[in-house]
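Me: I have a model open and want to learn to read it feature by feature. Can you take me through it?

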Amino acid sequence: MTTSHETIDAQVVVVGAGPAGSATALRLAQNGVEDVVLVDAHDFPRDKTCGSALSPRGIKAVQELGVWSAIERLAYPISAIRLVTPGKRDIFLDAPGGKTQAVICLRRDMDYQIFKAATDAGVRFLPHFRAKALLEEHGRVRGVTAADGRTVRARFTVIANGAHSKWGTDLGRKREIRAIMGWWKNVPFRPRAIEMIFDRMVEPYYGWLFPETEERVNIGITYEDRDGEKKNARELFQRFLDAYYADRLREAEPVGAWKGHPIVYTYNIGRLFSRGRVVVGEAGRMTHPATGEGISFGMRSGIWAADALRDILLRKVPETAALKIYTARCAAAFSPSFWAGRAFRRLLRTGVLDRAVDLAQTQVVQEIMRRFLAHL
Ligand SMILES: Cc1cc2nc3c(=O)[nH]c(=O)nc-3n(C[C@H](O)[C@H](O)[C@H](O)COP(=O)(O)OP(=O)(O)OC[C@H]3O[C@@H](n4cnc5c(N)ncnc54)[C@H](O)[C@@H]3O)c2cc1C
């Protein structure tokens, strides 16, 4: 690695160009904030280990950011869900009229579209900038330094570097969902349907199959290590595949190696800022405790963080007041869903999903289940 002592000045530096960081940078530019620098350890486009499902609230966020049409062109539409319960009930729930409810868009494509919209809007990007330390002066964050010695000094530093971030604020106990996944071609699947399998071997989580294109799917499991035990991820995943996908994988062609990655979550959103610093996305543990969904919460928190920074930088709103509002908006919007996630995890152990599917022979119960799943 060559070292550098270059220093760049900015109004805002955003650390990490995933959905949360790029959404923040893009919204800042759309809000008229100038001198925004976005840094990432990688260059783009880049992959990210992820099921790549964009939920209805994720679609709403990319619509607001003006990048939905670009993403929609690259995405696979979803209008049904196959649900398998711990008691092995198996049901398909279809959206009325086959309407698209969600999409699967490869993170390589989705992240790039948000990132590109940000740089097209005037955000300056520094690739291969592996942030190593925050610059702190007199109790205030003043920017960030990379492993190679480059520094970006800024009035505000947005922390958007995902699950492994060490720069969150007031986060409390770290909770982690474990995940491992793989990719295959030529797996038979029902078009436009995702599959979620709630088996006891991964309780209170689930395994999934998400179609990415007409030919290619990703399959994975989420699970947790409880009471200090450390499960063997590959062994557990193989057991899951043998139980649910052995037949369908017989003729399939694997694409690349299996990949594991944690998902960090919280039930209670604490303070998301300190002087000069704002935390967005998974760096602030804003992912769903039952489903692991994180893309939409990342973008939504990024949009609101950018609005708060606009208020401070362009409308002279006091910093603490604006960032308290940012935290309160995230807490008010996400907490009900996160608490519902906690309740769902508990209910799963009681057999409620089996009973719901037993009752789901009527349109009314199916509609209630669809709505419940959509709002989880
Ligand atoms: C197996 C798996 C499946 C998932 N499936 C889904 C799903 O289907 N739908 C969904 O909504 N969510 C899913 N999630 C969760 C989702 O991937 C994350 O919550 C989401 O990506 C968080 O977005 P983010 O922008 O906060 O962080 P990230 O997407 O992780 O982006 C962080 C960025 O920061 C950069 N970075 C990291 N460290 C540094 C550093 N030191 N310096 C500079 N840059 C750095 C990284 O390169 C990256 O570009 C899944 C997660 C996993 C692990």
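This is a predicted model: local features need pLDDT of at least 70, side-chain atom pairs count only at pLDDT 80 or more; totals for chains, interfaces and linings use all residues.

Me: Start with the ligand. Which residues come nearest to the ligand?

Reply: Gly-16, Gly-18, Gly-162, Gly-281 and Gly-294 do, out of 39 residues around the ligand. By class, the shell holds 17 nonpolar, 17 polar and 5 charged residues.

Me: Which helices and strands each supply at least two residues of the shell?

Reply: Helix 1 (19-30), strand 12 (175-185) and helix 7 (295-315) each do. Now look at the domains. Domain 1 (7-57 + 106-172 + 266-344) gives at least three shell residues, and so does domain 2 (76-105 + 174-263 + 349-375).

Me: Next, helix 4. Why does its end-to-end distance agree with its number of residues?

Reply: The expected span is 1.5 Å times one less than the number of residues. Helix 4 (residues 107-120) has 14 residues, so it should span 20 Å, and its end C-alpha atoms are 19 Å apart, which agrees.

Me: Which residues of helix 4 are buried, and what covers them?

Reply: A residue is buried if 20 or more other C-beta atoms lie within 10 Å of its own. In helix 4 these are Met-110, Asp-111, Gln-113, Ile-114, Phe-115, Ala-117 and Ala-118. Their cover includes helix 1, strand 2 (36-39), strand 3 (53-54), helix 2 (56-65) and helix 3 (68-74). Just after helix 4, Gly-122 has a positive phi of about 115°.

Me: Now the strands. Is strand 14 enclosed or open?

Reply: Strand 14 (residues 207-211) has 5 of its 5 residues buried, so it is largely enclosed by the rest of the structure. Gly-207, Leu-209 and Pro-211 point one way, while Trp-208 and Phe-210 point the other way.

Me: What does strand 14 pair with?

Reply: Strand 13 (residues 193-197) runs antiparallel to strand 14, joined by 3 bridges. Strand 15 (residues 216-223) is also antiparallel to strand 14, over 5 bridges. Follow Leu-209: Glu-195 stands opposite, and in strand 15 its bridge partner is Ile-219. Strands 14 and 15 form a hairpin, with 4 residues between them.

How values were computed. Residues are numbered from 1 along each chain as its sequence is written. A residue is near a molecule or strand if its C-beta atom, placed from the backbone, lies within 6 Å of it. Ala, Val, Leu, Ile, Met, Phe, Trp, Tyr, Cys and Pro count as nonpolar, Asp, Glu, Lys and Arg as charged, and the others, Gly among them, as polar. Domain bounds come from an automatic or database domain assignment. A residue is buried if 20 or more other C-beta atoms lie within 10 Å of its own, exposed if 12 or fewer, and partly exposed in between; C-beta atoms are placed from the backbone. Two residues are in contact if their C-beta atoms, placed from the backbone, lie within 7 Å. Two strands pair if DSSP finds at least two bridges between them.
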